[in-house]
Amino acid sequence: MSDVVEKTLTALPSLLSLDSQPGSTKLSSTSKLGTLIRGITELTSKHEEEKLIQHELTSIKEQVSSPNTSMRQMKELMVRAIYCEMLGYEASFSYIHAIKLAQQGTALEKRVGYLAVSLFLNESHELLLLLVNTVLKDLQSTNLIEVCMALTVVSQMFPKDMIPAILPLVEEKLNHPKEIIRRKAVLALYKFYLIAPNQVQHIHNKFRKALCDKDPGVMTASLHIYLQMIQENPEGYKDLTPSFVTILKQVVGGKLPMDFNYHSVPAPWLQIQLLRILSLLGKNDQSTSEIMYEVLDESLRRAEMNHNITYAILYECVKCIYTIHPKSELLEKAAKCIGNFVLSPKINLKYLGLKALTYVVQQDPKLALQHQMTIIECLDHPDLIIKRETLELLFRITNAQNVTVIVEKIMLLYYLYLVCSCFLVFFPMNHYTYAPDNEWFIETMNTVFSVGGDMMQPDIPNSFLKLLSEGFDSVEEDRKLRLFAVDSYVSLLQGEPGKLPQRFLQVISWVLGEYSYLRKELEAARVLRLLAKLLDMKNTSSETKSWVLMAMTKLCEGRTGLSVAQEVSETYSSSLDTVLRQRAQELQHLSQDWELQARVLPRDAGHEPLEVDSSLSFLDGFVSEALAAGAAPYKPQHQRQEELAQAKALSLEPYGLSLPISMSSCSIADRQSPTLLSISSGLSGDSTELSHKGGSTSLKLDGVKRVWGREGYLAQREPVEESAHVEVPSPLRSPNHQGEADSQTPTPTPTPDPEQEKQQLASSLFVGLSSQSSVCLMGKSEPTPQRFRRKTKGPGSSSAVGEQISNSLVSTPSTVDNLLCNNLLESNITSELDVSSLEQTSQLAHGLTTANGNCDVELTDSDIKGSSPSLNGDNEVVAADPGSHEDPDGPKDLCLSSHLPAELSGLSHSEITPLCSKQSLDLSACHVHKDDFLVLVVFIYNSSDSDIQQILLELDSDELEVSCVCDNRVQEARSHSVAVCQYFLTVKRPSVHFKVVGIVSYQFPVGTPQSVQFSYKLPLTSFIRPLTLTTEEYGTMWLDFSHDTKQNLTLISDGQEPLAATLNMLEKKLQLHVVEVIGMEGIVACQLLQDQPCLMHCRLHAGTLAVWLRSPVPDLPDCLMYHCQRALQEH
Amino acid sequence: MIKAILIFNNHGKPRLSKFYEHYNEDTEQQIIRETFHLVSKRDENVCNFLEGGMLIGGSDYKLIYRHYATLYFVFCVDSSESELGILDLIQVFVETLDKCFENVCELDLIFHVDKVHNILAEMVMGGMVLETNMNEIITQVDAQNKMEKSEVTSVLA
């Protein structure tokens, strides 16, 4: 068959040219389309295009209506008309001719006619009736192609009422010998089913026949129908389950002809369709689900090839498994699948993975827990769609314990979403039920209002006000909430109210007007003055002004208040805005008549139901009086506008507009429910104007306490730092160490460690998801009153202390040390520190390392500690007073370093950094420098009381070659002991940083297998070794190397000769070897591990250091340049 | 169900638009513009799915697109379609075009809009996926072309 295809394909071009040969008219008209298109592409403005197309359309119009135009020419004209329509220019005159072409043309012309009809018309177009006869005729044609065309057009659009006319003919086609006709007939019937289900009810058994059709294509087509029908009524088709399962089994088993394979996957689209049907059938139905377990398992197993389409099948499979009655075995596999999706570097798969997670997370929150780090990473993903999906996922896992963190995190990202204005769908008010306390709630809402501003959906301020006014179960709580709101708003107004969005100002005015009496010591006059200030601001919209005036009306009392009110009402009683005028009048009158005010605006009655006389019957008397006095009868707005339109006289627009506003004013007049208020604000029609004025969309956090800092969630950090101060015993600060701490380069602003920040975030986001509270950091139970405020004191000193501890504790392993630390750990565990507090203290360790600036991202070689024998004095201190030393990090570090394999213990190694911890498993790692490779040592510490079986550690890296020291493969970790794994790392290709990702899977004696992921980053500098050579050797090598880079770097000038100082510093920090310094120039050499040299040439030039790097290895010069730059900057 | 199939170039000029649901002319143009606006803003290394188009569909619908050289191929589908499935369907469509036009380029789509529509009609019918096998699609298109040929020759004779 492929031969045939080949032949016809090769014949195609000649065919096309043949097509244009006969008749000069044909030729010229083809080129007409060409000229048109060429003309259009040359145009520069939309206006010119419009002119050209209009001209074209006129010429087409002339030709189509001319009786001399042949069908052949007509066909060509239609193509031109299609082109014009596609560009958005209406060619309605050609519609009738398209129908005519479909009616009268030969098969070829008919095809264009049908095409034009299906592009131009729609189901309800009246001209379509003219087509019915043509379709009828073509359905009965003996020419297969004409039948096909008719079926295609029928499935695209067909008038609903005319279906009975052609239904028998289409039904008949279900028995047609040609499978393509049967297939199209099935789809046409499906279309009928969609637009008029009752008309095809009688042929349901014919669908069944189609399902059993010997041609898989027809069967596939029928699945569209079944998917739809089962969606509507799953109960009715349960009996078909075994059939669908059998079909899927056959497909998966490769029983279909090879033709159906796509990239050697058997009929993938068919599989997807079947899986969807199965998931619908198996939902909430155990017995039906049981039928399909086997085939689902099979599908999962078979879909292993690494092609896009197999992932599509896998995804459907996973969704199906999670939809039907659960089976643990399958769930496990599906969970693994989801893991693969989420972790995939392919962004499409990641997206689907997140979608799948969102789908399953309610059934299996632990799954989200497993992937928490990935989810955190996705929150910062550059792709908005991924971010959105992640947010959706986070919302599904919101609970009382993590609501603070989730909402804060979302708010940080929030302003991005204002752009697409779809975000606040995510912020349902019912999250209040999770809010930890009043202050938090009010502050969160403040941020929402200030950031969301005027783009926010109006129902958010509404429901917020409703919440405030209706209150909750406890009167006292309500009072506190309102009081807090009042306080917070007064302080906001005292700040810079001009920066607040209009909506927020409206909320503030309402709350102040309503509740400021709650704060006894707050004088009404003061509030009045604050409010009056709002009125004077330039950018306050008139809508906001009317809210403010209303608040003032509620507030004015006392002499000073009165004077302010009088002043304001005088200004606005002559305002052009009718609403404002109305408000000003109200203010004026009510401020003078207190009795009336108390009656009209009773205090704290916001939640009392109001009776509204919407027919305004109380005005009847007034109206009849006015009518009697000769006033014109009232006309509704639409009537007036009609009249206006008819008159087409002067535009009376302003009056037309002012009407709804003044109508809305009636509803704001008294203290009514806020919902009503904002309905009116929506009505008033200047909300669009508002959003223009609303100011910038950047985060405005004035007056809002910062909960999130660059370091992550500040709340946790504060106690951490505090405890660091308290708990570090002073005896440790021996003069000896003081000196050491001083000599250490000071880090004025501690750089946060992104990885740990993420982990911290993760533990707070995912808290409460697992039954074990191991990740519980944000437990609601521990009240920390000042947790929103961060203390700025002494990160420097605490970091110094941290350094001290870890420095003093790195020592050569000895049995004494071993014993020592074991004891310490023991005592830690036995001293009834529960798991969560352990976690907390290990967070302390994180905090310390963070403050140190020794992020694992930026592990510079200064961190590498020579394994010099440690100071015994210190160890004694620790030994002597283990109780006072509550920081487990030190002992752990010490203890871990003692676990370093003997052959590595003599070599320099990096600081041991924690990788991750889950339940009772803590992973830490360090790297040991060897000449020709790096050894990555992973410590697995099991803090539980039971042994962990079958620990399997898998590491991988894009840029590094990771090889396991195979006799070192860990099988189990006994309780409270450390297992060590070693990996050799060599460089595949240079990079600024190398990332090793790993997954550790393990299993407790009882319980399901678990896995944790982690990543370990190390800088290029860890792989750099000095290269000793002579100047001559340097010279010859320099010429051989092809990859180079040049850059000017800053010099160090601290008294000495700048070039020497800079080179010395680089030599020290980056392990380079200075070959020679000649005057203003210096040559330096180093190598990447043992065999990849890199040469550096430096020259002093205009106060900077011109550096030229050369190497035979691509990318190496660039990466090294980066580190040189960094090293100099850090200095 | 597939709601619409749009092809436009890097400058947003429509090269093919096929709607399987009725919208009026203006809305169609707006949809094309909006879609182009959404799609063209995206980097190369982000996912091929887009949600949140306002005009077409709303929340249930998503855009699945691929970018080839100068052309964007966008399918607007509802939740009953598999995202990755459609992504591969676009690939099949483009490969088919490539076979039919021998190294398809933007000009082919401009000058042979009707042929492109015919090919598409063999793949997607009334918004439903009809055929996903490239060879089968080409066979059908060829059968029609043969008829064309016989007609032409009869005219010539």
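1. Arg42(B) is buried, with a relative accessible area of 13%. Buried means under 20% relative accessible area, exposed over 50%, and partly exposed in between (1.4 Å probe, protein chains only). This is a predicted model: local features need pLDDT of at least 70, side-chain atom pairs count only at pLDDT 80 or more, and totals for chains, interfaces and linings use all residues. Residues are numbered from 1 along each chain as its sequence is written, chains are lettered from A and ligands numbered from 1 in the order in which they are written, and side-chain values use heavy atoms, with hydrogens and water left out.

2. What does Arg42(B) form a salt bridge with? The partner is Asp383(A), and the closest N and O atoms are 2.9 Å apart. A salt bridge is a side-chain nitrogen of Lys or Arg within 4 Å of a carboxyl oxygen of Asp or Glu. Asp383(A) lies in the loop between helix 20 (372-379) and helix 21 (384-396) of chain A, and Arg42(B) in the loop between helix 1 (25-40) and strand 3 (49-51) of chain B, so the pair joins two chains. Helices (H or I, at least four residues) and strands (E, at least two) are DSSP runs, numbered from the N terminus. Asp383(A) is buried, at 1% relative accessibility.

3. The structure holds 24 salt bridges over all chains. Glu49(A) lies in helix 3 (residues 46-65) of chain A and Lys13(B) in the loop between strand 1 (2-9) and strand 2 (14-19) of chain B, so this pair also joins two chains. Their side chains meet in a salt bridge at 2.7 Å, N to O. Glu49(A) counts as buried at 4% relative accessibility. Lys13(B) is partly exposed, at 29%.

4. Now the interface as a whole. Between chain A and chain B the count is four salt bridges. There are also 19 residue pairs in polar contact between chain A and chain B, both residues at pLDDT 80 or more. A polar contact is a pair of N or O atoms within 3.5 Å; within protein, one must be able to donate a hydrogen and the other to accept it, and residues adjacent in sequence count only if both atoms are side-chain atoms. Helix 1 (residues 2-20) of chain A gives the most to the side of chain A that touches chain B, with 11 residues.

5. How many residues of each chain are in contact? The count is 75 residues of chain A and 75 residues of chain B. Contact means heavy atoms within 4.5 Å. About 6700 Å² is buried between the two chains, and carbon and sulfur atoms give 60% of it. Met86(A), Arg111(A) and Trp269(A) supply 11% of the area that chain A buries against chain B, more than any other three residues. Buried area is the accessible area (1.4 Å probe) that two parts lose on being put together, summed over both.

6. Within chain A, Asp297(A) and Lys333(A) meet in a salt bridge through their side chains (2.7 Å, N to O). Asp297(A) lies in helix 15 (residues 286-302) and Lys333(A) in helix 17 (residues 328-343), so the pair ties together parts that are 36 residues apart in sequence. Lys333(A) is partly exposed, with a relative accessible area of 36%.

7. Ser575(A) sits in the loop between helix 29 (558-572) and helix 30 (578-592) of chain A. Is Ser575(A) buried or exposed? Ser575(A) is buried, at 14% relative accessible area. A polar atom of its side chain lies 3.0 Å from the backbone nitrogen of Asp577(A).
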